[in-house]
Amino acid sequence: MKILSIETSCDETAVAVTEGRVVLSSVINSQTEIHKKYGGVVPEIASREHTLAIDAVTRTALKEAGLDFKDISAIAVTYGAGLLGALLVGVSYAKGLAYALNIPLYAVNHLKGHISANYIANKDLKPPFITLLASGGHTQILKVNALNDIEILGETVDDSAGEAFDKVARVLGLPYPGGPEIEKLAKFGSPDYVLPRAFKNENHLNFSFSGIKTAVINLVTKIERGGGVVNKANLASSFQSEVCEILTKNTVQGAKNSNISTVTLAGGVGANGYLRDLLSAECKKAGLTLLLPPKHLCTDNGAMIGVCAHEEIQIGAKPADLSLDANPSARV
């Protein structure tokens with residue numbers, strides 16, 4: 001089954017063609033440069049850009065796969081979670097395409113799509129496994145028994161890890177998107193600043209990143225008001241270290257608690273090199289097998305949506321009808 005998949009949950013217009021767990025083509029039109037001058041994604045602009053780009057991106061994905069519309073067996077589309085207007089562009093286009101081609105339409109949860117990126121990189125992967133899902137909108141530790149049977153072992157109670165990275169980057173005067181910029185800057189610094197950690201000595205796997213974000217803001221304000229100079233590289237290193245250490249600690253503990261030996265990584269923060277190295281080292285110490293998707297599959301893409309649809313079809317997922325609507329608050 002050749003699936004044409006569409007992903008427009010935020011600021012990338014992404015379309016791919018997949019067959020099973022194999023990616024035949026994957027095209028992404030990024031809006032990063034457009035939103036950079038605003039310091040973050042502007043939802044209305046994102047929606048308009050998706051509308052302008054989606055048809056051309058779709059045709060390019062087909063061309064790169066060496067296929068035509070008549071060769072496609074099904075359409076898959078992200079229906080949530082994400083920005084409402086952005087999601088609606090993809091859902092509307094997908095519904096129209098499925099109707100015109102008279103082929104089935106499958107609705108895919110964006111978060112399950114991120115999990116499914118691991119199936120592309122690891123063709124033999126089978127549940128159960130533990131996933132650390134860390135992105136701009138979500139931070140969760142998940143026990144994946146199947147894509148239709150996922151347990152949340154821990155999650156953020158406030159900011160996501162990606163959101164905290166972006167907000168701290170803004171305080172440090174770094175451009176959007178903040179995560180990659182903090183990682184670059186942190187390489188020139190040392191984790192010399194002491195920052196707070198939430199839920200110390202508490203027996204659960206939840207996260208809280210609002211406090212560390214606020215601590216960075218207050219620290220910068222205090223130093224600058226006192227006439228001092230913030231060592232931005234050291235502060236970036238301190239922040240990155242603290243966030244990645246708690247993400248790693250809880251993930252490893254979640255795997256131990258569940259008696260599951262396979263750990264996977266998903267979401268945009270999963271492209272952070274420091275996190276990948278730290279998680280690799282700690283999983284090795286704990287005797288766990290860590291499977292890392294390549295960095296380009298951590299960020300939003302259409303391929304993960306197509307593969308997710310394939311996996312869900314294998315376990316009985318039914319096509320959506322033309323009443324399908326976007327759901328910006330969809331949960332895993």
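In this predicted model, Gln-140 stands opposite Glu-155 in β8. The two strands concerned, β7 and β8 (residues 149-155), pair in the antiparallel sense. Six bridges hold this pairing in the record of contacts between β7 and β8. Two residues lie between β7 and β8, and the pair forms a hairpin.

Strand β7 spans residues 139-146. Seven of its eight residues are buried, so the strand counts as mostly covered, buried being under 20% relative accessible area. β7 also pairs with strand β6 (residues 129-134). That pairing is antiparallel too, and it runs over six bridges. Ile-130 has Lys-143 in β7 as its bridge partner. A hairpin of four residues links β6 to β7. In general, the strands of a sheet pair through backbone hydrogen bonds, either parallel or antiparallel.

Another set of strands forms an open sheet. Five strands take part, in the order β3-β2-β1-β4-β5. Their pairing is mixed. β3 (22-30) and β5 (105-109) are the edge strands, and each pairs on one side only. From one strand to the next, the twist averages 20°. Within this sheet, β1 (residues 2-7) and β4 (residues 74-80) run parallel. Four bridges join β1 to β4.

Helix α2 (residues 43-65) lies across β1, β2 (12-19) and β3. The angle between α2 and β2 is about 25°. Helix α10 (residues 302-314) lies across β1, β2, β3, β4 and β5. Its direction makes an angle of about 125° with β1.

Pockets were examined next. Rolling a probe the size of a water molecule over the atoms shows where empty space is left. The largest pocket has a volume of about 1200 Å³. Its lining consists of 41 residues. Nearest the centre of the largest pocket lie Cys-10, Ser-135, Gly-136, Asp-166 and Tyr-176. Four helices each supply at least two residues of this lining: α1 (32-36), α4 (110-121), α5 (161-171) and α6 (178-186). The largest share comes from α5, which gives six residues. By class, the lining of the largest pocket holds 13 nonpolar, 17 polar and 11 charged residues.

The second largest pocket contains about 380 Å³ of space. It is lined by 24 residues. Ala-198, Phe-199, Ile-246, Lys-249 and Asn-250 lie nearest the centre of the second largest pocket. The lining of the second largest pocket divides into 10 nonpolar, nine polar and five charged residues.

Methods
Residues are numbered from 1 along each chain as its sequence is written. This is a predicted model: local features need pLDDT of at least 70, side-chain atom pairs count only at pLDDT 80 or more; totals for chains, interfaces and linings use all residues. Side-chain values use heavy atoms; hydrogens and water are left out. On a 1 Å grid over the protein atoms alone, a cavity is a set of points where a 1.4 Å probe fits but cannot get out, and a pocket is an open set with protein on both sides within 12 Å along at least five of seven lines; lining residues have an atom within 4 Å of a point. Grid points are joined across faces, edges and corners, and a volume is the space filled by probe spheres set on the points. Ala, Val, Leu, Ile, Met, Phe, Trp, Tyr, Cys and Pro count as nonpolar, Asp, Glu, Lys and Arg as charged, and the others, Gly among them, as polar. Two strands pair if DSSP finds at least two bridges between them. Axes are lines fitted to C-alpha atoms, for helices over the stretch in contact, and angles run from 0 to 180 degrees between N-to-C directions. Contact means heavy atoms within 4.5 Å. Buried means under 20% relative accessible area, exposed over 50%, partly exposed in between (1.4 Å probe, protein chains only).
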